[in-house]
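Reader: I have just opened my first protein model and would like to learn how to read it. Could you take me through it step by step?

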Amino acid sequence: MAVSETTDATFTADVLQHDGPVLVDFWAPWCSPCKMIAPVLEELSEEWGDKLKVVKLNTDDYPQIAQQYGITGIPTLNVYSGGEVVKTLVGALPKRKLVSELEEFTG
């Protein structure tokens, strides 16, 4: 399962109404740390399959959702469960750290 894009129009269906946990990568094309973490998120999305859905939201193209959730720095990774933010990670964390931080959702 590859990382998919979400937008202002699809965020509710893609993230808030999804049955399981969803990791949202708030990013922008000009952000170097965002580019660094993108392949890691692709790997994790493949490894975790249906345990944790991974989506990306381009904060330049869709600033409304980012503003709604108080995103002030990117990359910011929010985990949503039941329509609520249950975990926030900021910065381009190494894969090992991401796995450790997210294992409660990927069991």
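Author: Gladly! Let us start with one idea: two residues are in contact when they have heavy atoms within 4.5 Å. Keep in mind as we go that this is a predicted model. Now take the contacts in the protein chain between residues at least 6 apart in sequence: 73% of them join residues at least 24 apart.

Reader: Thanks, that helps. How many helices and strands does the protein chain have?

Author: The secondary structure comes to 4 helices and 5 strands. If you walk along the sequence, the pattern reads β-α-β-α-β-α-β-β-α.

Reader: What can I say about the overall dimensions of the C-alpha trace?

Author: Along its principal axes, the C-alpha trace spans about 30 × 30 × 20 Å. Another way to look at it is the radius of gyration. A compact globule with 107 residues would have a value near 13 Å, and the protein chain has 12 Å, so the two agree.

Reader: And how much of the protein chain counts as buried?

Author: For this we use relative accessible area: under 20% is buried, over 50% is exposed, and partly exposed lies in between. Of the 107 residues, 48% count as buried. As for the accessible surface, it comes to about 5,500 Å², and carbon and sulfur atoms account for 50% of that.

Reader: Let me try single residues. Is isoleucine 37 buried or exposed?

Author: Compare its value with the cut-off. Isoleucine 37 has 1% relative accessibility, so this residue counts as buried. You will find isoleucine 37 in helix H2. Setting aside residues up to four places away in sequence, isoleucine 37 touches Pro75, Leu77, Gly91, Ala92, Leu93 and Leu98.

Reader: Now for pairs of helices. At what angle do the axes of H2 and H4 cross?

Author: When you read a helix pair, look at the distance, the angle and the handedness in turn. The axes of helix H2 (residues 32–48) and H4 come within 12 Å and cross at roughly 35°. H2 passes H4 in a right-handed crossing.

Reader: Which residues meet there?

Author: From H2 come Ile37, Val40, Leu41, Glu43, Leu44, Glu47 and Trp48, and they meet Lys95, Leu98, Val99, Leu102 and Thr106 in H4. The residues of this contact divide into 8 nonpolar, 1 polar and 3 charged.

Reader: Thr106 is among them. Is threonine 106 buried or exposed?

Author: Threonine 106 has 10% relative accessibility, so this residue counts as buried. Threonine 106 lies in helix H4 (residues 95–106). Neighbours within four places in sequence aside, threonine 106 is in contact with Trp48, Lys51 and Leu52.

Reader: Could we finish with some loop residues? What does proline 29 touch?

Author: Not counting residues up to four places away in sequence, proline 29 touches Lys35, Asn58 and Asp60. Proline 29 is in the loop between strand E2 (22–27) and H2, and its relative accessible area of 39% makes this residue partly exposed. For aspartate 61, look in the loop between strand E3 (53–58) and H3. Aspartate 61 counts as exposed because its relative accessibility is 51%. From C-alpha to C-alpha, aspartate 61 and tryptophan 27 are 10.0 Å apart in space, while in sequence they are 34 residues apart.

Note on methods:
Residues numbered from 1 in each chain as written. Predicted model: local features only at pLDDT ≥ 70, side-chain atom pairs only at ≥ 80, totals over all residues. Heavy atoms only, no water. Helix = DSSP H or I, 4+ residues; strand = E, 2+ residues; numbered from the N terminus. Buried < 20%, exposed > 50% of the residue type's maximum accessible area, 1.4 Å probe, protein only. Axes fitted to C-alpha atoms, helices over the stretch in contact; angles between N-to-C directions. Left-handed = near helix turned anticlockwise from the far one by under 90°. Nonpolar A, V, L, I, M, F, W, Y, C, P; charged D, E, K, R; others polar. Rg over C-alpha atoms; globule rule 2.2 N^0.38 Å. Areas by Shrake-Rupley, 256 points an atom, 1.4 Å probe, with all protein chains shown as cover.
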